[in-house]
Amino acid sequence: MAEITVKASQALERILTLELVRVTERAAVCSAHLRGRGDEKAADKAAVDAMRRELNRLPITGRIVIGEGERDEAPMLYIGEEVGTRQGPPVDIAVDPLEGTTLCAKNMPGSIAVMAMAEGGTLLYAPDVYMEKIAIGPGYPKGTISLDASPAENIHSLARAKGVKPSEINALILDRPRHAAIIEAVRATGASVQLITDGDVAGVIHTSDPEETGVDIYMGTGGAPEGVLAAAALRCIGGEMYTRLILDSEEKRERARKMGVADGKKIYEVTDMVRGDCLFAATGVTTGNLLKGVKYGKDVIKTHTVVMRSASGTVRWIEAEHRDFSKFQLG
């Protein structure tokens with residue numbers, strides 16, 4: 001078992017150099033070709049097709065743990081699908097080929113192609129349900145925030161830990177009717193609220209560098225798959241995150257049980273969702289605060305990618321120029 005772990009870790013190191021980047025780059029380029037066309041399904045399909053092609057070229061025995069849905073809902077990159085050449089060590093894979101499909105379809109900021117890869121059996125096998133989430137960046141005492149505390153209590157606790165007034169805290173929240181009470185409670189403390197329409201993976205990542213992004217805390221409910229992907233990023237760059245699945249029907253509870261979730265009320269920390277060494281990569285589709293979008297030129301396509309590894313804490317920002325357009329199979 002120890003030998004397998006070492007081999008998996010070595011494989012992750014090798015993949016970190018370029019192969020993982022190619023996966024998100026090609027998904028981003030293929031979906032960016034459909035920016036502003038108003039067709040979410042076509043843009044998502046282009047990203048899924050491209051990501052699957054590239055994953056199947058990697059020297060891994062991969063299993064999709066977080067994907068496009070369950071097998072009867074998604075023809076490709078479904079939960080449980082095997083990818084890779086089957087000539088390498090077992091790895092878990094979480095993907096969101098096009099996070100922010102609406103953003104891409106409307107050519108709005110912040111759409112990305114994103115994935116995470118970890119040693120086999122170490123990523124949370126989360127059902128596609130909503131999840132409560134709260135996250136802050138690194139450098140704070142453990143327990144500064146809590147899912148069981150009120151929004152006001154979390155804002156005051158974070159302000160004390162940061163040594164500032166609540167009015168100097170900025171909270172990032174998805175702009176959804178279900179978050180109206182949270183938004184009101186945060187503003188009542190004097191803190192500011194920054195609303196986003198989509199893209200809560202990037203939203204959680206923003207908390208890791210508040211001086212650059214202006215985001216101190218992320219809170220609210222969003223998709224569980226996006227929660228695991230965000231946890232993979234924080235595993236690499238640091239930060240505190242707590243989540244809890246929302247299993248508000250028997251059908252959801254049964255789905256969760258089938259995926260190995262024994263305790264439906266469990267609060268997951270970053271290390272519960274991503275237990276081993278992992279990689280995280282994201283390429284911009286449309287330009288946002290995190291990444292620049294794909295740029296098409298007459299003879300070159302430019303991409304902007306971030307790739308991270310948890311074992312080393314390494315973060316690489318890669319600006320690439322692509323001249324062989326045939327690699328992308330643009331529609």
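**The largest pocket and its setting**

A: Sorted by class, the residues lining the largest pocket are 14 charged, 11 nonpolar and eight polar. The model is a predicted one, and the values that follow are computed from it.

At least two lining residues come from each of helix 3 (40–55), strand 3 (90–99), helix 4 (101–105), strand 8 (217–223) and helix 9 (224–237). Helix 3 gives the largest share, with five residues.

A second pocket can be described in the same terms. The second largest pocket holds about 270 Å³ of space. It has 18 lining residues, and Pro109, Gly110, Ile196, Asp198 and His206 are the ones nearest its centre. By class, this lining has nine polar residues, eight nonpolar and one charged. Strand 7 (192–196) and helix 7 (200–206) each provide at least two of the lining residues, and helix 7 has the largest share, namely three.

Helix 3, the main contributor to the largest pocket, also contains leucine 55. Leucine 55 has a relative accessible area of 0% and is therefore buried. Leaving aside residues up to four places away in sequence, leucine 55 is in contact with Val23, Ile64, Leu77, Val83, Gly84, Ile93, Val95 and Met115. The C-alpha atom of leucine 55 is 8.9 Å from that of glutamate 19, although 36 residues separate the two along the chain.

One of the contacts of leucine 55 is leucine 77, which sits in the loop between strand 1 (61–66) and strand 2 (82–83). With a relative accessible area of 0%, leucine 77 is buried. Its phi is near 55 degrees, a positive value in a residue other than glycine. Arginine 86, in the loop between strand 2 and strand 3, likewise has a positive phi in a residue other than glycine, near 65 degrees. Arginine 86 is partly exposed, because its relative accessible area of 41% falls between the limits of 20% and 50%.

Buried residues make up 53% of the 331 in the chain. Among contacts with a separation of 6 or more, 70% are between residues 24 or more positions apart. The accessible surface of the chain is about 14,200 Å², and carbon and sulfur atoms account for 49% of that surface.

Notes
Residues are numbered from 1 along each chain as its sequence is written. This is a predicted model: local features need pLDDT of at least 70, side-chain atom pairs count only at pLDDT 80 or more; totals for chains, interfaces and linings use all residues. Side-chain values use heavy atoms; hydrogens and water are left out. Helices (H or I, at least four residues) and strands (E, at least two) are DSSP runs, numbered from the N terminus. Ala, Val, Leu, Ile, Met, Phe, Trp, Tyr, Cys and Pro count as nonpolar, Asp, Glu, Lys and Arg as charged, and the others, Gly among them, as polar. On a 1 Å grid over the protein atoms alone, a cavity is a set of points where a 1.4 Å probe fits but cannot get out, and a pocket is an open set with protein on both sides within 12 Å along at least five of seven lines; lining residues have an atom within 4 Å of a point. Grid points are joined across faces, edges and corners, and a volume is the space filled by probe spheres set on the points. Buried means under 20% relative accessible area, exposed over 50%, partly exposed in between (1.4 Å probe, protein chains only). Contact means heavy atoms within 4.5 Å. Accessible areas come from the Shrake-Rupley method with a 1.4 Å probe; for residues, only the protein chains shown count as cover.
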